[in-house]
Amino acid sequence: RDMMQQFPPALQHELSGMDLTDIVDRTVMLVPLYFVGNALLFAFVGHVVGRRVLRKLKIDVPGLKPIREWRLPRPFVWYYLAALLLSLLLPANSQNFITAVVANLVPVLMFAFAVQGVAFLFFLAHLKRKEWIGWIGIVLMFPLMSAISLLGVFDTAFPLRDRLRNS
């Protein structure tokens, strides 16, 4: 509540109309999502920095697979569909354990499928020999998260890569 006093007056007026306890409850409910996001960020940065430092020290450390080879297991599609269905069926203002699990699971799976969609775009770029396709996918990943996530779902559910290789 003290932080609200630091906001501009127009925003203070907007937030005073909303129930501040709902905002605080939703933020607390999403703490596991913040932990998972930070863990992914730190793991990625740690891998990149650590690998470069070890390479300078002449220690050979294997890198990650190329992005075009990254694939999610097929059961993730069912987990995502179940989480989406539960998010539609559960009341928005409930404060139970299942609501917290679903509220954290849906964004994590959406991000995972967005990464899968970018991996598919890198596969397509490698297949067509046009590297810019994959990089555009990375640039558009956050503004178009839903569309790229849907591409990742289709790539996981239906073997699009196998069909493109055979055609």
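**Figure 1. Arg 161 is placed in helix α8 (residues 160-166).** Helices (H or I, at least four residues) and strands (E, at least two) are DSSP runs, numbered from the N terminus. The model is predicted, so local features need pLDDT of at least 70 and side-chain atom pairs count only at pLDDT 80 or more, whereas totals for chains, interfaces and linings use all residues. Residues are numbered from 1 along each chain as its sequence is written, and side-chain values use heavy atoms, with hydrogens and water left out. Arg 161 has a relative accessible area of 1% and is buried. Buried means under 20% relative accessible area, exposed means over 50%, and partly exposed lies in between (1.4 Å probe, protein chains only).

**Figure 2. The side chain of Arg 161 takes part in a polar contact with the side chain of Asp 155, at 2.9 Å.** A polar contact is a pair of N or O atoms within 3.5 Å; within protein, one must be able to donate a hydrogen and the other to accept it, and residues adjacent in sequence count only if both atoms are side-chain atoms. The Arg 161 side chain also reaches the backbone oxygen of Trp 70, at 3.2 Å. When neighbours within four places in sequence are left aside, the residues in contact with Arg 161 include Arg 68, Glu 69, Arg 71, Gln 116, Ala 119, Phe 120 and Phe 123. Contact means heavy atoms within 4.5 Å. Met 3, in turn, is 158 residues from Arg 161 in sequence and 50 Å from it in space, C-alpha to C-alpha.

**Figure 3. Helix α4 (residues 75-89) has a span that agrees with expectation.** The end C-alpha atoms of α4 are 21 Å apart, and 21 Å is also what its 15 residues should span at 1.5 Å a residue. The expected span of a helix is 1.5 Å times one less than its number of residues. Val 77, Tyr 80 and Ala 83 are buried in α4. Seen down the helix axis, the buried residues of α4 fall within an arc of 130°, so they line one face of the helix. The arc is that of the directions from the helix axis to the C-beta atoms. Trp 78 and Leu 89 are exposed on the other side of α4. Helices α5 and α7 are among the parts that cover the buried residues of α4.

**Figure 4. Ser 149 is a buried residue of helix α7.** The relative accessible area of Ser 149 is 1%. Not counting residues up to four places away in sequence, Ser 149 touches Tyr 80, Met 110, Phe 113 and Ala 114. Tyr 80 is one of the buried residues of α4.

**Figure 5. Phe 111 and Phe 142 form a stacked aromatic pair.** Rings of Phe, Tyr and Trp (its six-membered ring) pair if their centres lie within 6.5 Å; planes under 30 degrees apart count as stacked, over 60 as edge-to-face and the rest as tilted. By this rule the protein has 6 aromatic pairs. Phe 111 lies in helix α5 (residues 97-128) and Phe 142 in the loop between α6 (132-140) and α7 (145-157), so the pair ties together parts that are 31 residues apart in sequence. Phe 111 is partly exposed, at 31% relative accessible area, and Phe 142 is exposed, at 58%.

**Figure 6. Lys 58 has a positive phi although it is not a glycine.** Its phi is about 65°. Lys 58 belongs to the loop between α3 and α4 and is exposed, with a relative accessible area of 76%. Helix α3 (residues 31-56) has 26 residues and reaches 37 Å from first to last C-alpha, close to the expected 38 Å. Arg 129, a residue other than glycine, has a positive phi near 60°. Arg 129 sits in the loop between α5 and α6 and is exposed, at 74% relative accessibility.

**Figure 7. The protein has 8 helices and 0 strands.** Buried residues make up 25% of its 167 residues. The C-alpha atoms fill a box of roughly 55 × 45 × 30 Å, taken along the principal axes. Among contacts between residues at least 6 apart in sequence, 66% join residues at least 24 apart.
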